[in-house]
Structure formats: structure tokens, C-alpha cells
Amino acid sequence: MERRKQMEQTLQDNSPLADEINNFYRERERIRDAIGRIGGIQYSRADTIVNIIFIILVVGFFSIELVFKPLPTTVSIEIGVFLVSMKIVWMIHANQKFNHFVFWVLNSLEFRMNTNTRLLEDLEKKVDLLQK
């Protein structure tokens, strides 16, 4: 409890630090929202619809085949394998979208880190010059 009060006092004393922390939290929420839209937190509406369609097709086709046997067994197996293959392709596509976004976030973080490193090196040079 006392540590929290000390932290709040420190943040009040250092308003630029508090602003930076607030900026960090806003940026974190913005990134979470973006990941959620892509599929990192929950499925999108299109993914849900595609999943429902695949489930209905596979279960429906399987049920019809068991009850009525309208097609030869090998054709039914080939159709089932085709439907499952299409679902796997859809999953790979969704995973690639997410991986692309993660790559973009990591790339931008690396760019920011490199910029900060260059600024820090410049500041160190200036401090060395002032000390001499």
C-alpha cells in the first residue's frame, strides 16, 4: 500500500513521466484492438461464418451419406477430404494474416529501438564532449 502511494507521488512529481506512461497504455490498447480485429483475440465474423459453413457441410454430408448412400463410398471420402483440405487452407490463410501483423509490429519496434539507440549514442557523445 505504501509503495503504491510512493509511486503515485513520484508520478505526480514527474508529470512528463506520467504522460509517457499514459501514452504507453494508450498505445498498448490500440495494438490490442488491432490484433483483435485481425484475429489475435477473437474470431472475426467472416471466420465464424466460414467455420459454421464447413461444420454444416461436413456433418450434413456425413449424415446424408450414412442414411441414404447416394454416392459410392470412394466419392464420399474424396468429397470429405476435399472439404477438410479447404478448411486447412482457410486456417493457414488466417494464420498468415496474423503472422504478417506480428512481423509488422516487431519491425516497427526494432525501428524505434534503433532510433533510440542512435539518439542515445548521440547524447553520450555530447556528454563526453561536455565533460572534456
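1. In this predicted model, the helix α2 supplies the largest share of the lining of the largest pocket, namely 7 residues. The pocket itself has a volume of about 340 Å³, and the elements that contribute two or more residues to its lining are α2 (15–38) and α4 (73–131).

2. The residues that line this largest pocket are Glu20, Asn23, Phe24, Glu27, Arg28, Arg30, Ile31, Trp104, Val105, Ser108, Leu109 and Arg112. Sorted by class, the lining holds 5 nonpolar, 2 polar and 5 charged residues, a breakdown that may be kept in view when the pocket is inspected in the structure above.

3. Is Phe62 buried or exposed? With a relative accessible area of 54%, Phe62 counts as exposed, because the cut-off for that class is over 50%.

4. A backbone detail that a colleague may wish to check concerns Lys69, whose phi is near 50°, a positive value in a residue other than glycine. Lys69 is located in the loop between α3 and α4, and, at 58% relative accessibility, Lys69 is classed as exposed.

Definitions and conventions:
Residues are numbered from 1 along each chain as its sequence is written. This is a predicted model: local features need pLDDT of at least 70, side-chain atom pairs count only at pLDDT 80 or more; totals for chains, interfaces and linings use all residues. Side-chain values use heavy atoms; hydrogens and water are left out. Buried means under 20% relative accessible area, exposed over 50%, partly exposed in between (1.4 Å probe, protein chains only). On a 1 Å grid over the protein atoms alone, a cavity is a set of points where a 1.4 Å probe fits but cannot get out, and a pocket is an open set with protein on both sides within 12 Å along at least five of seven lines; lining residues have an atom within 4 Å of a point. Grid points are joined across faces, edges and corners, and a volume is the space filled by probe spheres set on the points. Helices (H or I, at least four residues) and strands (E, at least two) are DSSP runs, numbered from the N terminus. Ala, Val, Leu, Ile, Met, Phe, Trp, Tyr, Cys and Pro count as nonpolar, Asp, Glu, Lys and Arg as charged, and the others, Gly among them, as polar.
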